[in-house]
Amino acid sequence: MSGGVSMMISLIPKFTRNLGASPSLAGLIGSLYGALQVFSSPVMGRLSDIYGRKNILLLSYIGPAVGYAALGMTGSLLVLVLARVPSGITKHGLSISKAYLMDISSSSERQAALGLFNACSSLGFIFGPLVGGYLADWDQTLSASFLAGAAVFVVNFCLVALLLPSLNHASSDYNGHTVADKRGRSLSQQQIIGGVGYYLKQLASSVNIFKDIRWWGMTDLIFLRFVSTFSLLIFRTNFPIFLDVHFSVDYKTLGKIISFNGVAAAFAAASCGYLSRFYSNRSKQITHFNLLMTFSIFLITASPSIPLLIALLIPLSISTSNLRICMLTVWLERGREDERGAIIGLGNSISSLSRMLAPSLVGLAQEYSTEATGYLSFVLALMATGASLGL
C-alpha cells in the first residue's frame, strides 16, 4: 500500500497548483482529506475490533483505489476534491494492519514487530517515489502516476482477500456478545465490497461502539501525539514546494530525494527494536527522539545545498521512525487488548486532525515564505520535546 501512496504523495501539491489553485486553496483541498480521516479513523478501527480486521482491511484498499483512479482521470479542481473523498473515508490500511499485527504478537515482541512492519512499509517509499517521478516526467498530466497508484491498491485488495487468514478470536460488542451471536451471521466479503452504502449502514448502527473505551489517562499522549505529528506534517507538506522554490527540482529529482528518505526510513525502522534495548524508560526514549527530530527539521530548513539536505534526512528518519513506534507502544500499554483497534484508530485520528490543519496553515504561510513554514515546524517540534518531558 505504501508504494501506491508514495507514488503520488509528493505530486499532489504541485498537481493541485497546476490546476490553477493558489497556495491557500491548495491547502484547503489538502485539509479536506485530513478532515475526513479525523472522523473515519476511530470508526474504522473500532469496526475492525467488532467485524474482523480482514473485512475492514479490504474496505481500506478498495476505497483508495476508486479515489486515485478518479484522480488519474480528472482535469478540474472540482473532480479532484470529489476524488479525495473515498480515500479520506476508507484509507486506513496501515492502522488496521498494525492492529492485526498486535493481535498475533506477544507483548515482548511488539516493538520489534512494529519496527519490522514499518521497515517493510518504508520499502514502498523507496520504489514508489522513483516510479511516480519517472511516470510524472513521462506524462506531465500525472494521469499515469495516479492510475498506477490505484492499481497498487487493487493488487493489495486481491492479496488480502486471497492470502490473509482471518483471525479466529471473536470480537465482543458492548453487551458482551459476539457479532455473529447478535446478528445471527458474520460479515461476508461481498458485503464489504458493497462499498459506501454498506459503510454508512454500519456506521449508523454502531453509535455505541465506543462507550466502553477508557479514554481517560491518555491526555498527555494525545497532546504529545498531536503536536509532534502537526510539526512533522507541516514540514512534509511544505517539503516538495520548498525544494521547488529553493532548488528548482524537477519531478525525477524530487522522486529520488523522497526515495532516499524511504531508504533511510526503512533502515531506521528496522533498527527500532535494537535501539529500544538501550532504554528502560519509554519517556526518555520519546524525549531523545523528539529532540533529534527538532534539530533535524531546523537544519534541513537552513540547508544551503541539496547534498547537505539529503544527509540531514537520515537523522530525521531515525527520529520519526522511532517516535511512531515508541508512542504507539505506550498507547497500547495503557489500553485493553479488545480496545487495540479503537486506540490505534484514535491515534490515527489525532494524526488526521494534524493532517487536516497542516495543509491550510502551510498554504497560508507559503503565500509569504516556504522557509518560514519550515521554522514553524521547528517551533512545534520543540514544543513536542517539552511535552514529552511530562510523560
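In this predicted model, Phe239, Pro240 and Leu243 of helix H12 meet Leu254, Ile257 and Ile258 of helix H13. By class, the contact of H12 with H13 comprises 6 nonpolar residues, with no polar and no charged ones. Helix H12 covers residues 219–247 and helix H13 covers residues 251–270, and their axes come within 11 Å and cross at roughly 135°. H12 and H13 are therefore oblique to each other, and their crossing is right-handed.

Another helix pair is formed by H3 (residues 23–51) and H5 (residues 77–90), which pack at an angle of about 20° with their axes 7 Å apart. That angle makes H3 roughly parallel to H5, since angles under 35 degrees count as roughly parallel. The crossing of H3 and H5 is right-handed. On the side of H3 the contact is made by Leu25, Ile29, Leu32, Tyr33, Leu36, Gln37, Ser40 and Met44, while H5 contributes Leu77, Leu80, Val81, Arg84, Val85, Ser87, Gly88, Ile89 and Thr90. The residues of this contact of H3 with H5 divide into 11 nonpolar, 5 polar and 1 charged.

The aromatic rings are the next topic. A search of the whole structure finds 11 aromatic pairs, and two of them, both involving phenylalanine 298, are set out in the table.

| Ring pair | Distance between centres | Angle between planes | Arrangement |
|---|---|---|---|
| Phenylalanine 298 and tyrosine 375 | 5.7 Å | 50° | tilted |
| Phenylalanine 298 and phenylalanine 378 | 5.0 Å | 55° | tilted |

Phenylalanine 378, by contrast, is buried, with a relative accessible area of 16%, because buried means under 20%. Taken together, ring pairs link Phe295, Phe298, Tyr375 and Phe378 into a cluster.

Notes: Residues are numbered from 1 along each chain as its sequence is written. This is a predicted model: local features need pLDDT of at least 70, side-chain atom pairs count only at pLDDT 80 or more; totals for chains, interfaces and linings use all residues. Side-chain values use heavy atoms; hydrogens and water are left out. Axes are lines fitted to C-alpha atoms, for helices over the stretch in contact, and angles run from 0 to 180 degrees between N-to-C directions. Helices (H or I, at least four residues) and strands (E, at least two) are DSSP runs, numbered from the N terminus. Angles under 35 degrees count as roughly parallel, over 145 as roughly antiparallel, 65 to 115 as roughly perpendicular and the rest as oblique. A crossing is left-handed if the near helix is turned anticlockwise from the far one by less than a right angle, and right-handed if clockwise. Contact means heavy atoms within 4.5 Å. Ala, Val, Leu, Ile, Met, Phe, Trp, Tyr, Cys and Pro count as nonpolar, Asp, Glu, Lys and Arg as charged, and the others, Gly among them, as polar. Rings of Phe, Tyr and Trp (its six-membered ring) pair if their centres lie within 6.5 Å; planes under 30 degrees apart count as stacked, over 60 as edge-to-face and the rest as tilted. Buried means under 20% relative accessible area, exposed over 50%, partly exposed in between (1.4 Å probe, protein chains only).
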